[in-house]
Amino acid sequence: ETDVLLVFTRRLTMDGPELERVRQYCAAGKPVVGIRTASHAFQQWLEFDHQILGGSYDGHFITGPLCQVEVAADDEILNGVVPFTSHGSLYRTSPLAADAQVLLNGCTGEQMEPAAWIRSPAKGGRVFYTSLGHQRDFWELDFLRLVENALLWAGGHAPSRRP
C-alpha cells in the first residue's frame, strides 16, 4: 500500500512472498520510480528492468570521463532541471521499450545513452527511471529536482514549477 514504489537497490536477494508483493504491485499498473541500480534491483527478477522500467541494462562504460547530462525532451518532469555533470559511470541502457520517452541523455566522450525516461505501459501506471544516482549526484540540485519531479509525476501530481 503505497502511492509510488521507489526502487533504489542493487541485486537484492528477495524471494517468496516479499518478491511476489512487488510483482503484484507492478502487475497492477501502479507507479514506479527507479534510480540507478534499480535496473538490476532484484537478483531473482532481473527482468524487472526490461518488463517494468523499459530498459536493457548491460553493464556500464568505464569510469573516467565525467558524464554530461543533456536534456532530450520537453517534459514537466524536467521543470527546473538544467544540464549537469554526473560523477557516475554511464550505464548501457539501450535499446529501450517502444513506449519509452527519453528525457535525458548521458554522454561521455564517444558514448551516449538514455539516462532518464518515462513510460506509461498499456496496463496503466506511470514509470520513471534514471540511470543517474551515483552518490555524488545527490549533491547536484538538478538531480534532486529531477527525482522530486519524477516522484510527483508518478504519483499523479504536477511537478514543481521552478525557473
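Predicted model: local features only at pLDDT ≥ 70, side-chain atom pairs only at ≥ 80, totals over all residues.
Figure 1. The mean positions of the 14 positive and 19 negative charges of the chain are 3 Å apart.

**Figure 2. Overall fold and dimensions.** The chain contains three helices and seven strands, and these elements follow one another from the N terminus in the order β-α-β-α-β-β-β-β-β-α. Taken along the principal axes, the box filled by the C-alpha atoms is roughly 40 × 35 × 30 Å. The radius of gyration of the chain is 15 Å, which agrees with the value near 15 Å that a compact globule would have with 163 residues. When contacts between residues at least 6 apart in sequence are considered, 62% of them join residues at least 24 apart.

**Figure 3. The buried side of helix α1.** Helix α1 spans residues 17–27, and within this helix L19, V22, Y25 and C26 are buried. These residues lie on the same side of α1, because the arc that they cover around the axis is only 120°. As background to this arrangement, an α-helix has 3.6 residues a turn, so residues three or four places apart point the same way. The partners against which the buried residues of α1 pack are the strands β1 (5–7) and β2 (32–35), together with the helix α2 (48–53).

**Figure 4. The outward face of helix α1 and the residue that follows the helix.** P17, R21 and A27 are exposed, and they are carried on the face of α1 that is turned away from its buried side. Just after α1 comes G29, a residue that takes a positive phi of about 75°.

Figure 5. A27 is found in helix α1, where it belongs to the face turned away from the buried side of the helix. The relative accessibility of A27 is 52%, and A27 therefore counts as exposed, the cut-off for this class being over 50%. A27 and I77 are 50 residues apart along the chain, and a distance of 24 Å separates their C-alpha atoms.

Technical notes
Residues numbered from 1 in each chain as written. Heavy atoms only, no water. Helix = DSSP H or I, 4+ residues; strand = E, 2+ residues; numbered from the N terminus. Rg over C-alpha atoms; globule rule 2.2 N^0.38 Å. Contact = heavy atoms within 4.5 Å. Lys, Arg positive; Asp, Glu negative; His and termini not counted. Charge placed at Lys NZ, Arg CZ, Asp CG, Glu CD. Buried < 20%, exposed > 50% of the residue type's maximum accessible area, 1.4 Å probe, protein only. Arc of directions from axis to C-beta.
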